[in-house]
Amino acid sequence: ADLLKRYEHKPEAFEWRMQFVGKGKGFRLQKVTFPSPYPSPVEVNNTIHREYSLTDREKAPGVIVLHILDGSFTVARVLCHRLAAGGVNALLMKMPYYGPRSPSDRKHLEGELRKNPRLFVDTVTQAAMDVRRSAAWLSGRPEVDPERIGVCGVSLGGFAAALAGGVDGNFPRVAIILAGGDLPKMIIGATSREVGPIWRAFQQKKWTPQQVRDLLRPIDPLTYAKRLKGSKPIMLNATRDTIVPPACAKALREASGAEITWFRANHYSMGFYLVAAGEKLLEHFSPEKW
């Protein structure tokens, strides 16, 4: 309960804007913006940008889709368009410091992270809060069934989806791809280009492993995993993943009761299974399956 207080905020009205962009196969694409409920010191980061793949169905499910670390949004777009083509309204949410929310580029954020490791925790907290506001926005849309709103994410987005789903505790469906729990196990000693900068930031500040564990606990999906049990969570993971070790995926699965599908791949070769992942997501969020 004490940890959840971090994610509390007073319900409030907010302005939003939506602009037509184009059409896809069976859906319309809109750009949506509105303010973050958890503002950061960087003003440009405090407007949440989204790409909304809007179906032609009435009262269809709505799913928030979170992207991977590289910031191109390509994987998330592919999944959004597959969901929308299958009758699911899909909202690609650009997470803090990505795309138009970045003051310059990713190197800027990595530099700031080295100065202040706590920025990582604040950034992940903001992402979870942004997901919850996105769900609130979807629930008010006339084309969305407010009882059928879910969240899914891939890699970095998978961790944010698992965290947001656990913190909120009310998403009826959650999908987690290439992610897991036990952030300290992933970060402490990491050398990969994805996670290594975070560990080096802690090292430069001479943080002990226990200090790192204490800091990460409020944003670790494993902390809130039991609250996911009512969300019918599914997980898609790689057996040879060295960035998200299978042990971290198993820890989240066991704590959340998720149904997990394993692919014989590593973190990157999972790209060859993107079509299969899209079909799994559509099966999970399909209007006929809720």
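Phe263 is buried in this predicted model, with a relative accessibility of 10%. Its ring forms a tilted aromatic pair with Tyr273, at 5.1 Å centre to centre and 50° between the planes. Tyr273, by contrast, is partly exposed, at 30% relative accessibility.

**Aromatic pairs**

- The structure holds eight aromatic pairs.
- One of them joins Phe202 and Trp207 in a tilted arrangement, with 5.3 Å between the ring centres and 55° between the planes.
- Phe202 has a relative accessible area of 0% and is therefore buried, the cut-off being under 20%.
- Trp207 also falls under that 20% cut-off and counts as buried, because its relative accessibility is 18%.
- The pair of Phe263 and Tyr273 links distant parts of the chain, 10 residues apart. Phe263 belongs to strand 9 (residues 259–263), whereas Tyr273 lies in the loop between strand 9 and helix 9 (274–285).
- Phe14, Trp16, Phe34, Tyr52 and Trp137 are linked into a cluster by ring pairs.

**Charges over rings**

- Lys94 places its charged end over the ring of Phe73, 4.8 Å from the ring centre.
- Arg173 has its charged end over the ring of Trp290, at 5.3 Å from the centre.

**Glu143**

- Glu143 is located in the loop that runs between helix 3 (118–139) and strand 6 (144–154).
- This glutamate, Glu143, counts as buried at 10% relative accessibility.
- Apart from neighbours within four places in sequence, Glu143 is in contact with Tyr52, Leu54, Arg57, Glu58, Lys59, Ala60 and Asn89. Among these contacts, Tyr52 is also a member of the aromatic cluster.

**Largest pocket**

- The largest pocket contains about 1100 Å³ of space.
- Its lining comprises 45 residues, and those closest to the centre are Ile68, Leu69, Tyr98, Ser155 and Leu156.
- Several helices each supply at least two lining residues, including helix 1 (74–85), helix 2 (106–115), helix 4 (156–168) and helix 6 (196–204).
- Helix 3 gives the most to this lining, with five residues.
- By residue type, the lining of the largest pocket consists of 36 nonpolar, four polar and five charged residues.

**Second largest pocket**

- The second largest pocket holds about 330 Å³ of space.
- Of its 18 lining residues, Arg132, Ala135, Ala136, Asp168 and Phe171 lie nearest the centre.
- Helix 3 and strand 6 are the elements that give two or more residues to the lining of the second largest pocket.
- This lining divides into nine nonpolar, two polar and seven charged residues.

Terms used
Residues are numbered from 1 along each chain as its sequence is written. This is a predicted model: local features need pLDDT of at least 70, side-chain atom pairs count only at pLDDT 80 or more; totals for chains, interfaces and linings use all residues. Side-chain values use heavy atoms; hydrogens and water are left out. Rings of Phe, Tyr and Trp (its six-membered ring) pair if their centres lie within 6.5 Å; planes under 30 degrees apart count as stacked, over 60 as edge-to-face and the rest as tilted. Buried means under 20% relative accessible area, exposed over 50%, partly exposed in between (1.4 Å probe, protein chains only). Helices (H or I, at least four residues) and strands (E, at least two) are DSSP runs, numbered from the N terminus. A charge sits over a ring if NZ of Lys or CZ of Arg is within 6 Å of the ring centre and within 35 degrees of the ring normal. Contact means heavy atoms within 4.5 Å. On a 1 Å grid over the protein atoms alone, a cavity is a set of points where a 1.4 Å probe fits but cannot get out, and a pocket is an open set with protein on both sides within 12 Å along at least five of seven lines; lining residues have an atom within 4 Å of a point. Grid points are joined across faces, edges and corners, and a volume is the space filled by probe spheres set on the points. Ala, Val, Leu, Ile, Met, Phe, Trp, Tyr, Cys and Pro count as nonpolar, Asp, Glu, Lys and Arg as charged, and the others, Gly among them, as polar.
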